[in-house]
Amino acid sequence: MTAPSVGVRAPFGFLDAGHPADTLVGRLLGALPERIADLPQGRVRVVSELRGGLRDGRWAPDRFYCSLQARDAATGTFDAWTAHWSAGAADATWSRVPDDPKLPALATALAGSATGAGPVEVLRYVPLRRFTYRQHGRVVKVKRRSRLEDSWRRARAVEAAAQWDRRVRVPELLGVDPGSASYTQADVPGAELADLAHGDQLAPMLAEAGAVHAAFHALDATGVPDGPAPAAVRATTERSAAWAAWLLPDLAGVLARAVARLAAVAPGPVDARDVVTCHGDLVPSHLLGGPGEWTVIDHDLAHRGDRYRDLAMFVAGLAFDVPALADGVSADPTHARAVEAYLGGYEEVLGRRLDRDRLARHLLAAHLHHAALLATKDRVHPAAVGATASRLEAALDAVGGRR
Ligand SMILES: Nc1ncnc2c1ncn2[C@@H]1O[C@H](COP(=O)(O)OP(=O)(O)OP(=O)(O)O)[C@@H](O)[C@H]1O
Ligand SMILES: [Mg+2]
């Protein structure tokens, strides 16, 4: 679509003019300039997603959102307008926080917090899914009602296990409230490891992340459920790669080769000693604190599973999570050194070498997963496409794939 007039990069601007998805996005976001003008002036963060599926053998979009999120520079007040659409609807529906069609309790949570407890600092808003804010020394996470109980149970299981292991710190859980579909945890002071990992601190910080990750894996968290079956994970990855290839033909070739190769080299059955307490979403920005004292946050996806998948997802996510490793900011060998530091830190705590062949197979799957999200979540920029393709090629080479 054509760029909106005011300071925001065009959502899904990478779509070729005339691509069916470009036509759709252009139509759904016709009101974008007015909505932006209606927000506090300043930087607007755009959070978008476009998903689709096969209909009668052809790819077609079926779900879309585009959220314009702004903070008033003077007051710190958060404001957001979000466009939602799903297949069958003629047009997008716009909602403004605290209204969100899948988070009906958000208004209750924020209204409750208006009564006395001080200003709300919004930490993250993922439309239709979750809303995290800080207030009065607490961090509150509002979830879909259907997800609340499950997330709370996982976080509780991790917290219980961490009480017996001094190497892993987690935020104290303060309570769950079905009425406002939220749970509350203590506010952890300090910086995100992602922001401290740069320059000559890059390798030492990632080594610390590796050590914490190994300790987390060793937690005896009997209450966390088993993760999804590997075949189901692979099927999802294959579908999202095919969808991404339709959206972004520049990546179609390497995505298709990676899918085909993954089918041939999918990791075999996991050794019992590698079935561990996985975090499920560990990234450097989920480690808060400072050198030598990290608290691991966000246990909503904790599960029993294959340590290699958890490790590979961490590695493949680095370019998207660590500002100093972002595409266009750093390239190999900086990136490769960071990965080696992380794996070294992990192995030191684990007390043995990781199986590099198994890791390479999981890395192929994890890089494929992230490459697909590039298009789906509109993270495309010129440096990102080339770098994503290179990482995927390198992951293919590492499992012996032919170019
Ligand atoms: N207990 C906490 N103490 C301090 N800050 C926190 C805490 N929990 C979360 N945060 C901050 O809020 C951000 C979002 O929290 P969290 O990761 O739990 O939400 P999320 O919706 O899963 O976000 P994402 O999709 O980015 O992972 C974190 O990256 C962190 O900066
Ligand atoms: Mg998170």
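**The contact between domain 1 and domain 3**

Modeller: Eleven residues of domain 1 are in contact with eight residues of domain 3. Keep in mind that this is a predicted model. On the domain 1 side, strand β1 (residues 44-55) gives the most, with five residues. By type, that side of domain 1 divides into seven nonpolar, two polar and two charged residues. The C-alpha centres of domain 1 and domain 3 lie 28 Å apart.

Now the bounds. The domain assignment gives domain 1 as 1-93, domain 2 as 97-187 and domain 3 as 191-398.

Next, the core. The largest nonpolar core has 114 residues. Its residues with the most contacts inside it are Val158, Ala244, Ala258, Ala312 and Leu368. Helix α11 (residues 356-376) supplies the largest share of this core, eleven residues. Such grouping has a general background: in soluble globular proteins, nonpolar side chains tend to be buried together.

Take Val158 from that list. Leaving out residues up to four places away in sequence, Val158 touches Val170, Leu219, Ala221, Val224, His299 and Ala302.

Now the backbone, beginning with a peptide bond. Val97 and Pro98 are joined by a cis peptide bond, with omega about 10 degrees. Pro98 sits in the loop between β4 (93-96) and α3 (106-114).

Two residues call for a check of phi. Ala181 is not a glycine, yet its phi is positive, near 45 degrees. Ala181 belongs to the loop between β8 (173-177) and β9 (182-186). Is Ala181 buried or exposed? The cut-off for buried is 20 or more other C-beta atoms within 10 Å. Ala181 has 24 within that distance, so Ala181 is buried.

The other is Asp298. Its phi is also positive, about 65 degrees, and Asp298 is not a glycine either. The loop that holds Asp298 runs between β13 (293-296) and β14 (303-306). Asp298 has 22 C-beta neighbours inside 10 Å, and therefore counts as buried.

Back to where you asked me to start. The contact pairs eleven residues of domain 1 with eight of domain 3, and β1 gives five residues to the domain 1 side. Seven residues on that side are nonpolar.

Technical notes:
Residues are numbered from 1 along each chain as its sequence is written. Chains are lettered from A and ligands numbered from 1 in the order in which they are written. This is a predicted model: local features need pLDDT of at least 70, side-chain atom pairs count only at pLDDT 80 or more; totals for chains, interfaces and linings use all residues. Helices (H or I, at least four residues) and strands (E, at least two) are DSSP runs, numbered from the N terminus. A residue is buried if 20 or more other C-beta atoms lie within 10 Å of its own, exposed if 12 or fewer, and partly exposed in between; C-beta atoms are placed from the backbone. A nonpolar core is a set of buried Ala, Val, Leu, Ile, Met, Phe, Trp, Tyr and Cys residues joined through C-beta atoms within 7 Å. Two residues are in contact if their C-beta atoms, placed from the backbone, lie within 7 Å. Domain bounds come from an automatic or database domain assignment. Ala, Val, Leu, Ile, Met, Phe, Trp, Tyr, Cys and Pro count as nonpolar, Asp, Glu, Lys and Arg as charged, and the others, Gly among them, as polar.
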